[in-house]
Each structure stands twice: as C-alpha cells, then as structure tokens.
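Hi everyone, thanks for coming.

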Amino acid sequence: MGEFIDALAIAVKAGIGFQAVFLALLALGINMQFGYAGLLNFGQIAFALVGAYGIAVSVSQWGLNFWAGVAIGLAAAVALALLLGLPTLRLRADYLAIATIATAEGLRLLFRSVSATPVTNGSRGISGFNSGFVELAPWDTGRRYDILGVRWSGADLWVAAVGWTLVALGCLLVWALVRSPWGRVVKSIREDEDAVRALGKNVYVYKMQALVLGGVFGALGGMIYAVGTGSATPDQYQNANTFLAYAALILGGAARVLGPVVGAMLLYFIIQFADSGLRSLIETGVIPEGLLTTTDVAQIRFVLIGLGLILLLVFRPQGIFGDRREVMLDAR
Amino acid sequence: MPADPTPTGATASGATGPAGRTPARVALRDVPWEVGVAKPDPAIVVDGVTRTFGGLTAVSVDHLEIQRGGITGLIGPNGAGKTTLFNLLTGFDQPDGGSWSFDGRPLGKLAPHQVARLGVVRTFQLTKALSRLTVLQNMLLGAQGQKGESFLSALVPGIWRGQEKANTEKAMELLRRFKLDAKKDEFAGTLSGGQRKLLEMARALMSDPKVVMLDEPMAGVNPALTQSLLGHVKDLREEGMTVIFVEHDMDVVRDISDWVVVMAAGKVIAEGPPESISQNQAVVDAYLGAHHDAPLTVEEEDRVLAEAESEIAREEQRDTGRSDDSSEGTLR
C-alpha cells in the first residue's frame, strides 16, 4: 500500500511539475488558435522549439544576457507565426494545418542537421544556459525540499513556480480577450468566416492575431521546458507533443479558459500514474509477473491512455469544462 | 399562351396594376422597360462586369442601375448568375473586368469587409447563423465601429463597456421586432431554418446598412413565416434602405418589388416593374425555352415521332443487354 501512495505522490508531482507547465502552455496556445479562432495549428511544437533555442543559442552560443534570449525567442515565435500565416490564412483551414505540420518536422530536422551544427550544436543540443534564470530563485536551488511526500530540487521548484505564474497570467489574458468584442469576432470566425466578412470585419487580421498569440504561448512553453531540463536538443521537440497538447485541450474542454490548463495537469498526472501505479502493482505482486512485467509498462500505459481518451470522446465529448449542448450542435 | 413581345419604350404609367404605391414606384413610373435603362436616382451602377469560370461566362452585365430606396427583385432560372453577381458586388468574388460603384464610389478591388463598411451588407443563400454563439452575440457582431474589437483596447473594458451596452439595447429592439427576443440566450444553432433567416436579416440590420442584399431570403421558410419576412423587407424600404433580393417565388417578387431585373445565362435580359415581366417574351423564353409554344408542322411532327421511336428502340436494346449483364453478375 505504501508503494501505491508513493506512486500517487510521484504522479501528483508530475501533474504540477514543469513538464505539465510545458504542456499547459502549448495547449493554452492551441486553445486560442483552435478552440476560439478555429485555426488548425498542427505544429505548435515548432513555436516551442524556436522559443527554447532562442534562449539556448543567444545565451550559450552568442553570450547574450538571459532576458535578451527570452526576447529573441519570443520574436522568433512571432516571426514564425507571421511566416506561416501570411500565405495560408487567406486559404481554407486545411492549408494552415498542412503548413504547420510540415514546418514543425522540418524545423526539428533543420536544427539537428549537420549544416546547422555551428549554431544549434546538432543533435547533441545546447546546455548551460539557464543559470541566469535559476540564480533568480529566492530560495537555495542547490537544496532539496520535501513537499507532499516527494522531493523537489530547488531549481525544479523555481521553474515550476515561474511556469505556473506564466500559465495564470496567460489564462487571465485569454479570459480578458474572449469576453470582449474582440473575442466575439474571433469565435464568429470559427463558426463562419464569410458571415463575419459580410459584417465588415477584417477576418485575416483577427486570424493572424490569434495565430501569433497562440504561437507566443507555445514559445513560452518551450522556454520553460528548456530551462527546466537545462538543455535544448531538437529531439525533445517531437511533434507528438503537439498532439499530446491537443489531447490535453480536449480532455479539459476546448474554448474554455481553464480547459487546457486542467487538461494538461490531468493528462500528465494520468501518464505518470499509469506508469508508477502499474509498476507498484507489479512490484507488490497484485498483478502477477506472468501477465505483465515492468518493462511492458512504458508501452501499456499509452494503450490505457488511448483507451481513456476514446471513452472520454464517447461519454463526455465536451471535456471537463465544456458545454455538451454546444459540442453537439453541429453533430446532427 | 402566345406572349406578345413587350413593346420597347413601354412604361409603367401606361400599365394597369398596383403601380405608384411607393415612392420608388412613383420615381420609376416613367422609366422605360428596357435593359440597362438609366434610373432617376441610382444607388448602385454596374458597368460591363464580366466573370468567367473557365469557358463558362457566369456573369456578363453591360449596364445596370439599381434605384435608391426601392426594392429590386433579381430573378432568373438556375445558373443565371444571380448569386455570382451578388458575390461580385459585395467583394466576395473578383470579376474579370468592368466597374461598379455605390453612391458614385467605385467598389472594384475592395475586400468584402470594406464593402460592408461602406453600408452594403448581404445575406447568404445558405444561411450563415453562427451556431455556437448565442442569438444576442450574433446580433452584437453586426454592429459597426466597435472599439472593443481591436486587440489592445479589448483588454481595457472601460473603453468598450458603454458602446456594448448601447449596442445590446439596439440588438434587443431589433430582436423584439423580429420576434426573436425570447431566444436571445439560446445558441443560434438551435434555431429553426426560418428563424435563422430572420436572425441573419436582423444581424445585417445591426450595421445600419444603406443597401441590403438578400440572397433567397424566403427559401426553405414556411408560408406563415414568409409573410412576416415579407413585411420586414417592406419595412426596410420604409426606413429608406435600398433592397436587392434574389427570389424564385414569383408571387413574392410581384408582391414586394418595385422593379424586377431578369437574368439568364449571365446577362440581364429584361427589366421593368413586376407586372411587365410575365409578359416579356425574352423572360418566357429564358424560363421555358424558345419556341416552346410554336405549333409544329406535319413534317416536323413526323420527324419528332421517328426520332422518339428510334430512341425507344435503342433504349430497349440497351435494357436487354444490361439485364443480361446483371444476371451474369448475380450468377457469379
């Protein structure tokens, strides 16, 4: 039983750790783009990549200040959003989806390519750029702290604290925007662009604003992940993370301010709990060794999560915070 | 019905019927019933507008003027180019050539939202209610010049609160007029087809338009609601708006239009007050085909009969062939 409680504690830690912040910020951006504006961004991880490398390259390779790196990362995300949006936002929604998914994969391959090695250090990645950030912690980052039965390193705690503050500020911004007339126009664009055009709104500008804002959230997520792990390697930014963020958003409820955040926490908790819980059950002999071994757990947990998501879509398609009537409207 | 060709130069002052009831009727009384005729006070002037899709000329209008403050009905068989003309006039489609203007301002090269801001709003043949917004939000979207619709001022509610309140009052007044006020908090997606048409029209009125272009406002609406929709369209004229509408129901066209423009195969083939149209030879030909009522000679009758018989013979042969095939198919 003690092992099981430990497993639970580990999962709770994952649900509030910086990895969950990373996922929450990605999902927050996707919520702005997909949930409110109806833009299909299937390459959110590309924004995280340029955000993370903005800091990593600026600080480690160019010797700039940490905050200059943050500014460069954010600027790169805005530029990427503009580049993706300029040609595709006048077209149908599918074109943005195609462009973003290709860009996400292309950028990762570019960053790990040999020709980019002088700047990005190839597939080995860059490290040693987060000391300027960790130093700012008001507590001793070298020590370990016991919180809720799990040990946190001071640095992890600091990154998570800053991360959740960013998430809270992001939620506040999204909340302020979507209740305003600006949010009304954006939601209307999701429903029918032409109707909005016929009422005198410049749809292109609104879509671009939503895309840029969502991209900036993605970049912030990438930055938190980079300073949390202390390194940036291209293969950390696999596009599977984008779809994990979509899963988090749908679990929490799309087009709800807190949907992506709670979804991300819960999803990370479930992923970790499926892992540590199964392990503890095997180790204590509740699950017989012949049925499942600890080496199978890494694979089987995603099977369980996939099953859970299917059940969610069948029985609660609106997610945790969604409105069922709203989701079912077009399903006639 | 051997229709007499309309004498060129005929005017409504010489015709009987309900002419002369409305100011627009009075103004148009002495306008000759000719294609491309000049109106006393045109709001919209179209000159040489053409639009081709590949080899098909969808619209080719030499000259057309729309009288201000009147209801102009646009009729024609399917595929006549009515909706394409609507799309061109409102910036939703760009023509191959030609110019058109509203109040003397050229509208060529303007984007849809720019046309709408000049006061020319349209509705769509397939109603575009914004399903997952409430009825009231649908209405508020229609209001023009909203300060809260720009990204930065959306974040400061003080800037847009007052305007929002005034717009809400105006929206509620319009909703009461269209008998939708009880539904204001329902999702627009839950409304019936007819109610959506009403909502779309009411939403267009939120922008205080000068010209309202209605694309088949009565299509798919039950007869009881048609009467109230007709009343609303007449009200627009009372308020001094110029109305252009596409409609197939001739009773409706006769009831409310001051002037009717008939299109066929992309061209304007007739213009005139509603009572002039059903007698117009070009219109009858366009709807029913030329020579539909010319008597056949004996030779022609024989030829048609022979053709029909050979056709039947061929048909029978093909049928027997096919039934062989199908029996083979079932055997396999």
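First, some housekeeping. This is a predicted model, so to speak of a local feature we need pLDDT of at least 70, and side-chain atom pairs count only at pLDDT 80 or more, while totals for chains, interfaces and linings use all residues. Residues are numbered from 1 along each chain as its sequence is written, chains are lettered from A and ligands numbered from 1 in the order in which they are written, and side-chain values use heavy atoms, with hydrogens and water left out.

Let's start with the interface. Chain B brings 36 residues to the contact and chain A brings 32; contact here means heavy atoms within 4.5 Å. About 3100 Å² is buried between the two chains, and carbon and sulfur atoms give 62% of that. Buried area is the accessible area, with a 1.4 Å probe, that two parts lose on being put together, summed over both.

What about charges? Between chain B and chain A there are 4 salt bridges, where a side-chain nitrogen of Lys or Arg sits within 4 Å of a carboxyl oxygen of Asp or Glu. One salt bridge joins A:Asp192 to B:Lys128, with 3.3 Å between the closest N and O atoms. Which elements of chain B give two or more residues to the side that touches chain A? They are helix H3 (112-117), strand E6 (120-122), helix H4 (135-142), helix H5 (157-177) and helix H6 (193-205). Helices (H or I, at least four residues) and strands (E, at least two) are DSSP runs, numbered from the N terminus.

Now to the cores. The largest nonpolar core has 97 residues, and those touching the most other members are A:Leu25, A:Tyr36, A:Phe129, A:Trp182, A:Tyr237 and A:Leu267. Helix H11 of chain A, residues 203-229, gives the most to this core, with 16 residues. By nonpolar core I mean a set of buried Ala, Val, Leu, Ile, Met, Phe, Trp, Tyr and Cys residues joined through side-chain atoms within 4.5 Å. Buried is under 20% relative accessible area, exposed is over 50%, and partly exposed is in between (1.4 Å probe, protein chains only). Leaving aside neighbours within four places in sequence, A:Trp182 has contacts including A:Met32, A:Tyr206, B:Gly148 and B:Phe151. There is also a second, separate core of 41 residues, with B:Leu136, B:Leu174, B:Leu230 and B:Ile277 among them.

On to single residues. A:Asp323 is in the loop between helix H14 (297-315) and helix H15 (324-328) of chain A. A:Asp323 counts as partly exposed because its relative accessibility is 23%. Beyond its neighbours within four places in sequence, A:Asp323 contacts A:Arg256, A:Gln318 and B:Phe187. A polar atom of its side chain also lies 3.0 Å from the backbone nitrogen of A:Arg325.

Most residues other than glycine have a negative phi. B:Lys179, in the loop between H5 and H6 of chain B, has a positive phi of about 55°. B:Ala265, in the loop between strand E9 (259-264) and strand E10 (267-272) of chain B, has a positive phi of about 50°. B:Lys179 is exposed at 71% relative accessibility, and B:Ala265 is exposed at 62%.

Last one: is B:Arg237 buried or exposed? B:Arg237 lies in helix H7 of chain B, residues 223-238, and at 11% relative accessibility B:Arg237 counts as buried. Its contacts, again leaving aside neighbours within four places in sequence, include B:Thr22, B:Ile71 and B:Asp258.

That's my tour, thanks!

How values were computed:
A polar contact is a pair of N or O atoms within 3.5 Å; within protein, one must be able to donate a hydrogen and the other to accept it, and residues adjacent in sequence count only if both atoms are side-chain atoms.
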